[in-house]
Protein chains: 2
Amino acid sequence: MRIGIVGYGNLGRGVEFAVKQNPDVDLVAVFTRRSPETLKINSDAKVVSVNDIENWKDKIDVLILCGGSATDLPVQTPKYAKMFNVIDSFDTHAKIPEHFENVDKAAKESGKVAIISVGWDPGLFSLNRMYANAILPEGNDYTFWGKGVSQGHSDAIRRIEGVKDAKQYTIPVEKALQSVKNCENPTLSTREKHTRECFVVAEEGADKARIEKEIVTMPNYFADYDTTVHFITEEELKKNHSGIPHGGFVIRTGKTGNGTNDHVIEYSLKLDSNPEFTSSVLVAYARAAFKLYNEGQKGCKTVFDIAPAYLSPKSGEELRKTML
Amino acid sequence: MRIGIVGYGNLGRGVEFAVKQNPDVDLVAVFTRRSPETLKINSDAKVVSVNDIENWKDKIDVLILCGGSATDLPVQTPKYAKMFNVIDSFDTHAKIPEHFENVDKAAKESGKVAIISVGWDPGLFSLNRMYANAILPEGNDYTFWGKGVSQGHSDAIRRIEGVKDAKQYTIPVEKALQSVKNCENPTLSTREKHTRECFVVAEEGADKARIEKEIVTMPNYFADYDTTVHFITEEELKKNHSGIPHGGFVIRTGKTGNGTNDHVIEYSLKLDSNPEFTSSVLVAYARAAFKLYNEGQKGCKTVFDIAPAYLSPKSGEELRKTML
């Protein structure tokens, strides 16, 4: 299976690594908006200007779109679905229905397969919410995120005057998590579910008390949470906080029988690298897209529409023998 | 969707309960090998002799087979797949390929859909093994069972002379579980993964020392484990050990990138009632079988072959809006 990547940031580099772990997958081209000659990559794939992408229509089986959900993917996914089988990790939950419609129209016209919102949330977490709801119709859903780095919240801190750099961790509240796992079915406020921990490098001479106050009172981002702020040096930030870990928990608790039996279905991820893990999910679903296309399917799909076996390089017979 | 049940033990009763939690599902008949008039059930479904099952061919959309894997299902599933869409929970892992072939042949001839080995292991655990392997190709798999009641091991104890009744719990070793979750990739012996705890009611005057020795040295069942035996009264057994809880953990750890980033994918179940939970899974997959049949599909499937959305009563649009 021949893969192309559009966009060479953390996610694109992650796909490049993931391809190397999958012998049935080849990376043939990385498409970029930059001048191709300025881009150094970690494989022997071709680096190509995104303007020349149409020439690759017959040389790529699945195109993995590694841009952002805010402005890149709403344009790119429908556009490239007109020429390629495509996968994206569109993660603006509220806009998924609209994105789906746009991509579905394009992919149906071209006879290609598109799979959107692939990753872990949306993605694997969504799958687990859905399976658990179908199995335990009477119950409660809980999703906790972290411990992990929120890029959006880190950026928000960096925009404060006097802040040189910053990293923000979202952390699930252990007490809330335990209450959920104990089937106590708590109603949890935003504050009760997660705390936020910030590591901030201040400019020399900056007013740290003001910076801290601006962070903890920032509406939407921090005001509704118990937030702690640590001022550290640039060296400490680089040494101890340069990773992009993340993860979380999807839990459904529910009752069966005459209402006396409790059940807990829990799915959790603990990821050293959020983008590398997401990339690994993208590559597995690229395999699925290619198989579906070869079966004559077309249009937009999500993780809900893909039978698990399509993700695997193994045959149905092997899967039944080794994994069932 | 009209459901029929074959066999009215713990699993059959569980399906009866689960149907009540799913407004789109009706239980129309329970088929039994006993005299129908002797069987009291918990719903207003008809109780019918299994000998008359052919008369129900057009009155049932999916038949859920609730017999045992040792002798019932190898015969029943291919037999009834000739007349009905069927679901079973066949759980003899080593014989799944053979069972699949037999059922597939029958279902393809009749044009029906059969889904085998549905439940949590095989079933939901298999799904999670498969997804995790497709996403992290370089890694290690671990499955732990419990804390839960092993019916087979409890039965083995009951066959010992002087034992009136017994209940056996399989318990994951916490230290091993933690080592796995910490990405230490341990190689674990049988003894290191699980312990076994037995609650035994001895006959009056029985030699307890001999019973204990017979248990802990029993080949295959107990000899390879650290086993503890507690002698208790019949009343205590009834009061504290009459439930059928179970559960377990499926964990895959793996590396991405240049090999420095670890990831942990964990799925766990904590179930107050093993049969009621299994029944809930069976009903969700019965819904999938019916949808697939209505689309014109036929033959034998497993959980690997079923797109998640088929399990849900919600439309694709609703699922994307509420769960993705």
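1. The second largest cavity of this predicted model is lined by Ala18(A), Gln21(A), Asn22(A), Ser280(A), Val283(A), Ala284(A), Ala134(B), Ile135(B) and Pro137(B), where a cavity is a set of points, on a 1 Å grid over the protein atoms alone, at which a 1.4 Å probe fits but cannot get out, and lining residues have an atom within 4 Å of a point. Two elements, helix H10 (274-294) of chain A and H4 of chain B, each give two or more residues to this lining, and H10(A) provides the largest share, 3 residues; helices here are DSSP runs (H or I, at least four residues) and strands likewise (E, at least two), numbered from the N terminus.

2. About 30 Å³ of space lies in this second largest cavity, a volume being the space filled by probe spheres set on the grid points, which are joined across faces, edges and corners. Its lining divides into 6 nonpolar, 3 polar and no charged residues, with Ala, Val, Leu, Ile, Met, Phe, Trp, Tyr, Cys and Pro counted as nonpolar, Asp, Glu, Lys and Arg as charged, and the others, Gly among them, as polar.

3. Residues of both chains line the largest cavity, among them Tyr131(A), Tyr267(A), Tyr131(B) and Tyr267(B), while H4 of chain A and H4 of chain B each supply at least two residues of the lining. That lining comprises 8 nonpolar, 2 polar and no charged residues.

4. Backbone geometry deserves a separate remark. The peptide bond from Asp121(B) to Pro122(B) is cis, with omega near 5°, and Pro122(B) is placed in the loop between strand E6 (113-115) and helix H4 (124-135) of chain B. Ser117(B), in that loop between E6 and H4, has a positive phi near 60° and counts as buried (under 20% relative accessible area, 1.4 Å probe, protein chains only) because its relative accessibility is 0%.

5. Residues are numbered from 1 along each chain as its sequence is written, and chains are lettered from A and ligands numbered from 1 in the order in which they are written. Local features need pLDDT of at least 70 and side-chain atom pairs count only at pLDDT 80 or more, whereas totals for chains, interfaces and linings use all residues, and side-chain values use heavy atoms, with hydrogens and water left out.

Notes. Buried < 20%, exposed > 50% of the residue type's maximum accessible area, 1.4 Å probe, protein only. 1 Å grid on protein atoms, 1.4 Å probe; cavity = no way out; pocket = protein on both sides within 12 Å on 5 of 7 lines; lining within 4 Å.
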